[in-house]
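Hi,

Here is the structure I said I would hand over. Have a look at it first, and then read on for what turned up.

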Amino acid sequence: MPFLPGTTALYLFLVMHPSISSNFPSPKTFEEVQFFNTNNYHKGIDWYMEFFPVPSNVSTDFMFEKSANYFPSEETPRRAAALLPKAKIITLLINPSDRAYSWARYLMHFLLCTPSQHQRAHEDHTALQFTFYEVISARKGAPAELRSLQSRCLIPGLYATHLERWLMYYPANQVMIIDGHQLRSDPTAVMDEVQKFLGVIPHFNYSQTLT
């Protein structure tokens, strides 16, 4: 199968498992609920849980959601731990420079290929005015929109800072870090480790599905 972007691939691999389910899509944020990092948090846990199916077995089944914006968010770890202290956190990391370039390419491609209403909703049309080099090399005094793009491009790559924040609220045995390059080169081995980390049953044979 062609390899998809890291978080998308991990999402698809997880939902292959018969005991793992993801959230229903949101009409505003698509596959991401964007609960813990936005004002949606104030709508409460009942609003959040409406995005998830009722598990067939509440003692063994897992439900999950993914959002790249959760990882660098300052408020998300605290909010998540307050409501879901026993949750298990999986974060997928790649080389920070690769991540920054991939983010910029994705944003510019997405803007060129999607309707204008998406541009208006996210106010990202300014990205088309700048090159990747201009974004990462912007200095103090650069236009505000350029500095904003730079922050959004580079700050998520400060992995140590963000991980330290998550580990303030979740013990290390509830946090798993996946090497995005290993997921690409050996997805079966990675998904076997994910299953062990989650303690999910039955064991799913990814080698038969991903070859």
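Asparagine 23 comes in at 7% relative accessibility, so it counts as buried. Keep in mind throughout that this is a predicted model.

Staying with asparagine 23 for a moment: you'll find it in the loop between strand E1 (20-22) and helix H2 (45-49). Its side chain makes a polar contact of 3.1 Å with the side chain of serine 22. Leaving aside residues up to four places away in sequence, asparagine 23 touches Glu31, Val33, Phe51, Phe52, Phe64, Glu65 and Lys66.

Glutamine 34 sits in that loop between E1 and H2 too. Glutamine 34 is not a glycine, yet its phi is positive, at about 55°. With a relative accessible area of 9%, glutamine 34 is buried.

Now the overall picture. The protein has 11 helices and four strands, and 39% of its 211 residues count as buried. If you take the contacts between residues at least 6 apart in sequence, 65% of them join residues at least 24 apart.

How far does the predictor trust its own model? The average pLDDT is 81, and 79% of the residues score at least 70. Among the elements, helix H10 (residues 187-198) has the highest mean pLDDT, 96, while helix H5 (residues 116-122) has the lowest, 42. Before you set anything up, note residues 114-123: pLDDT stays under 50 there, and the model has six contacts for that stretch beyond four places in sequence.

On to H10. This helix has 12 residues and reaches 16 Å from its first C-alpha to its last, close to the 16 Å expected at 1.5 Å a residue. Its buried residues are Pro187, Thr188, Val190, Met191, Val194, Gln195, Phe197 and Leu198.

- Valine 194 and isoleucine 177 are 17 residues apart along the chain, and their C-alpha atoms are separated by 9.7 Å.

If you plan to check the backbone, there is a cis peptide bond between isoleucine 201 and proline 202, with omega at about -5°. Proline 202 lies in the loop between H10 and helix H11 (206-209).

Is histidine 162 buried or exposed? At 3% relative accessibility, it counts as buried. Histidine 162 is part of helix H8 (residues 159-169), and it touches Phe71, Pro72, Ile155 and Pro156, not counting residues up to four places away in sequence.

The other spot is glutamate 75, in the loop between strand E2 (62-64) and helix H3 (76-83). Glutamate 75 is partly exposed, with a relative accessible area of 26%. Its contacts, not counting residues up to four places away in sequence, are Phe36 and Asn37. From C-alpha to C-alpha, glutamate 75 and asparagine 37 are 6.5 Å apart in space, although 38 residues apart in sequence.

Cheers

Methods
Residues numbered from 1 in each chain as written. Predicted model: local features only at pLDDT ≥ 70, side-chain atom pairs only at ≥ 80, totals over all residues. Heavy atoms only, no water. Helix = DSSP H or I, 4+ residues; strand = E, 2+ residues; numbered from the N terminus. Buried < 20%, exposed > 50% of the residue type's maximum accessible area, 1.4 Å probe, protein only. Contact = heavy atoms within 4.5 Å. pLDDT = per-residue confidence, 0-100. Polar contact = N/O pair within 3.5 Å; in protein donor to acceptor, adjacent residues only side chain to side chain. Expected span 1.5 Å × (residues − 1).
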